[in-house]
Structure formats: C-alpha cells, structure tokens
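This note sets out several local features for a colleague who is meeting the structure for the first time. Please read the points alongside the sequence and the model.

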Amino acid sequence: MYVTTMKTIYDNMLPRTQAMEKIIKFLETFDFKKLVEGEDYPIDGDNIFARIQYYDSKPVEECKAEKHERYVDVVYMVEGVEQIGWCPYCPNIEKIGDYDKDNDVTFYKELEPESYVVVEAGTLVVISTDDVHRPCVRYGTEPSRVMKVVIKADAKYLMER
C-alpha cells in the first residue's frame, strides 16, 4: 500500500507511467460532485475507470477485509475520514468464500498482522493486488460521512511505460 496526498503526488509518485499520469489528470480536473454512485466512469476503457462511494464509516467488526486480483485500487478521499486496515497477502489468511471474478474480489476473515492508516480528505492511497485491505473503518468514536473516488486500474496496464 502506498499513501500520499494530491499536494505531494508529484514528489512522491509511483513510477510515472502513462496510466498513472491519466489517473492523476483525472483526479486534478474532474468535478467529483458530478459523479453518480454506482456508475463507472471510464478513464481508459476497461483498463482504468472510476467509481464514487458515499457512506458512513463503520466499526471495524462491520467491515470486510478484501483483496483484488486484476485491479489496483487508487483511492482518493474527497470528504470525510476513515481508517483502512492493511496487511500483505499470505496464504494462511482465512478466506470467506471463493474469488468473485465478476467483481474482482476475495473476502477474508481476519488480517494478521493488521496495520491501519488514517485517510482524510486529500489523501491518495494505492492498494496493490498483493495487499489485503479493510476499507470503511471508522476513525474515532463517531462515524464520518465519506465521499471517496475509487479508481480501478488494471495492474498489468498500470505499470506499462
């Protein structure tokens, strides 16, 4: 998992591939208030697309850990704050069901060890296909109303120069 902010993205960016440049341009120029929850917004066909999410952050026990095989998640927090749990994938983490190819997700019971990063407005988090992560976790005692953009980037395409 890679964490930075839009203010420092050019100082701390992952390899500056064409795909990453398209993602950053989208984040810098798009009016997120125009995005409709549940719709995909193509940035580069099936290779890169964006989704908007609105929700209230939840207690950790209500949040599922997940991993993706095809797509890297590039998460940009527009409003609100949450924690994202994380651990590197290892085969002894217990699955909840099989890999869902249509939704590119496998869910897991517990992450061991699990670390957390606080994600607030302006934060950008890149979650690789080797990362098991638990999004939507409440930070503090009260839920936060979250608005975030999740960009799905094909892992193979993302690293092409």
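Which side chain has a polar atom 3.2 Å from the backbone nitrogen of Cys136? That side chain belongs to Glu82. The model is predicted, so local features need pLDDT of at least 70 and side-chain atom pairs count only at pLDDT 80 or more, while totals for chains, interfaces and linings use all residues. Residues are numbered from 1 along each chain as its sequence is written, and side-chain values use heavy atoms, with hydrogens and water left out.

1. Glu82 lies in strand E6 (residues 81-88); strands are DSSP runs of E with at least two residues, helices are runs of H or I with at least four, and both are numbered from the N terminus. With a relative accessible area of 0%, Glu82 is buried (buried means under 20%, exposed over 50% and partly exposed in between, using a 1.4 Å probe and protein chains only). The side chain of Glu82 also makes a polar contact of 3.0 Å with the side chain of Lys148. A polar contact is a pair of N or O atoms within 3.5 Å; within protein, one must be able to donate a hydrogen and the other to accept it, and residues adjacent in sequence count only if both atoms are side-chain atoms. Neighbours within four places in sequence aside, the residues in contact with Glu82 (heavy atoms within 4.5 Å) include Tyr55, Ser57, Met77, Pro135, Cys136 and Lys148.

2. Cys136. This residue is found in strand E11 (residues 131-137). Cys136 is buried, at a relative accessible area of 14%. Its phi is near 80 degrees, a positive value in a residue other than glycine. Most residues other than glycine have a negative phi, and most peptide bonds are trans.

3. Asp104. A positive phi also occurs at Asp104, where the value is near 50 degrees. Asp104 is placed in the loop between strand E7 (95-100) and strand E8 (105-108), and its relative accessibility of 5% makes it count as buried. Asp104 has no salt bridge, and Lys152, the nearest side chain of opposite charge, is 5.2 Å away. A salt bridge needs a side-chain nitrogen of Lys or Arg within 4 Å of a carboxyl oxygen of Asp or Glu; Lys and Arg count as positive and Asp and Glu as negative, with His and the chain ends not counted. The side chain of Asp104 does reach the backbone nitrogen of Arg70, at 2.9 Å.

4. The cis peptide. Glu112 and Pro113 are joined by a cis peptide bond with omega of about -5 degrees. Pro113 lies in the loop between E8 and strand E9 (115-120).

5. Aromatic pairs. The whole structure holds 7 aromatic pairs. Phe26 and Phe30 are stacked, because their ring centres are 4.8 Å apart and their planes are at 25 degrees. Rings of Phe, Tyr and Trp (its six-membered ring) pair if their centres lie within 6.5 Å; planes under 30 degrees apart count as stacked, over 60 as edge-to-face and the rest as tilted. Phe26 counts as buried at 10% relative accessibility, whereas Phe30, at 30%, counts as partly exposed. Phe32 and Tyr76 form a tilted pair, with centres 5.7 Å apart and planes at 40 degrees. Both Phe32 and Tyr76 are buried. Ring pairs link Phe26, Phe30, Phe32, Tyr41 and Tyr76 into a cluster.
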